[in-house]
Amino acid sequence: MFPIRDHNPSQSRPVVTIALILANVAIFLLTLPLDEAGARLWTQLALYPAAVAQGELLWGLLTHMFLHAGLLHLAGNMLFLWIFGDNLEDQFGRWGFLLFYLACGLAAAAAQIAAEPDPGVPMVGASGAIAGVMGGYLLLFPRARVDVLVIVVVLVRVVPLPAWLMLGVWFLLQLASGYTMAGMGPGVAYWAHAGGFAAGVALTLARFLWLGGPGYWRRTHGHPPHPPSQFAPSRIPPVRRP
């Protein structure tokens, strides 16, 4: 399953979300390992868990959120940020959302360092911070519809799912992968994803309670408190082998 859009339009221009996407793209282009300077900059800005644990290279706690290991890594993260970030920016305001995003990224890094303090493997990527955005989204809009691309062998379909199902399954997969892949060497920072997601829920709790807590859910039935986006039905024909 891969989300491609939600039916939850933003109520204002998501300036910070757009700025974060542009910043990630710009830094990706600056650190492309096409020459020695780009590779050296990427290495300097990555997060090294063992060094941080010793109080060294602490800037990596922030800068690693803007590095990516490849074009697909960048594209996937920016798509998730674009889908879910605008609605959290609506809720927190521009500066509040920026602080929320960075705090989730720091919590994600702390979770990964605590779980796997590998001395030699750098950590990069915005996915921990974006996982926090997803956690906050789940708390505020559990029944918002998310269009998910489902590929089963040769069949391709776009299926609308409630956010609680799509995001809940994603979170459980991160937990399961974190446990099963523990000690297997470099790979995806699943504990950063899980830690960022949990931090996002926790940091959104005050906003949720201010809106009325469970009463907010009763008023909105878990949907966004405004009309959903309307899209034409997606008709993707099955892919057939020749």
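A residue is called buried when its relative accessible area is under 20%, exposed when it is over 50%, and partly exposed in between, with a 1.4 Å probe and protein chains only. The structure is a predicted model, in which local features need pLDDT of at least 70, side-chain atom pairs count only at pLDDT 80 or more, and totals for chains, interfaces and linings use all residues. Residues are numbered from 1 along each chain as its sequence is written, and side-chain values use heavy atoms, with hydrogens and water left out.

The chain has 242 residues, of which 45% are buried. Its accessible surface is about 12,500 Å², and carbon and sulfur atoms account for 69% of that area; such areas come from the Shrake-Rupley method with a 1.4 Å probe, and for residues only the protein chains shown count as cover. The chain contains 10 helices and 3 strands, where helices (H or I, at least four residues) and strands (E, at least two) are DSSP runs numbered from the N terminus. Their order from the N terminus is β-α-α-α-α-α-α-α-β-β-α-α-α. Contacts are defined by heavy atoms within 4.5 Å. Among contacts with a separation of 6 or more, 77% are between residues 24 or more positions apart.

The strands were examined next. Two strands pair if DSSP finds at least two bridges between them. Strand E1 (residues 2-6) pairs with strand E2 (residues 145-152) in the antiparallel sense over 4 bridges, and Arg 5 stands opposite Asp 147 in E2. E2 is also joined to E3 by 8 bridges, again in antiparallel fashion. In this pairing Val 152 stands opposite Leu 155 in E3. Arg 157 is placed in strand E3, which covers residues 155-162. With a relative accessible area of 41%, Arg 157 is partly exposed.

Helix H5 has 22 residues and reaches 30 Å from its first C-alpha to its last, close to the expected 32 Å. The expected span is 1.5 Å times one less than the number of residues in the helix. H5 bends by about 40° at Gly 85, the bend being the angle between axes fitted to the seven residues ending there and the seven starting there.

Helix H8 has 18 residues and reaches 25 Å between its first and last C-alpha atoms, close to the 26 Å expected. The buried residues in H8 are Ala 163, Met 166, Leu 167, Gly 168, Trp 170, Phe 171, Gln 174, Ser 177 and Gly 178. An α-helix has 3.6 residues a turn, so residues three or four places apart point the same way. The cover over the buried residues of H8 includes E1, H5, H7, E2, E3 and H9.

A search of the whole structure gives 11 aromatic pairs. The rings of Phe 84 and Tyr 137 form an edge-to-face pair, because their centres are 4.9 Å apart and their planes lie at 75°. Phe 84 is in helix H5 (residues 71-92) and Tyr 137 in helix H7 (residues 127-140), so that the pair links distant parts of the chain, 53 residues apart. Both Phe 84 and Tyr 137 are buried. Rings of Phe, Tyr and Trp (its six-membered ring) pair if their centres lie within 6.5 Å, and planes under 30 degrees apart count as stacked, over 60 as edge-to-face and the rest as tilted. The rings of Phe 171 and Phe 197 are stacked, since their centres are 4.6 Å apart and their planes at 20°. Phe 171 belongs to helix H8 (residues 163-180) and Phe 197 to helix H9 (residues 190-211), so this pair ties together parts 26 residues apart in sequence. Phe 197 is buried, at a relative accessible area of 4%. One aromatic cluster is formed by Phe 2, Phe 80, Phe 84, Tyr 137 and Phe 141.
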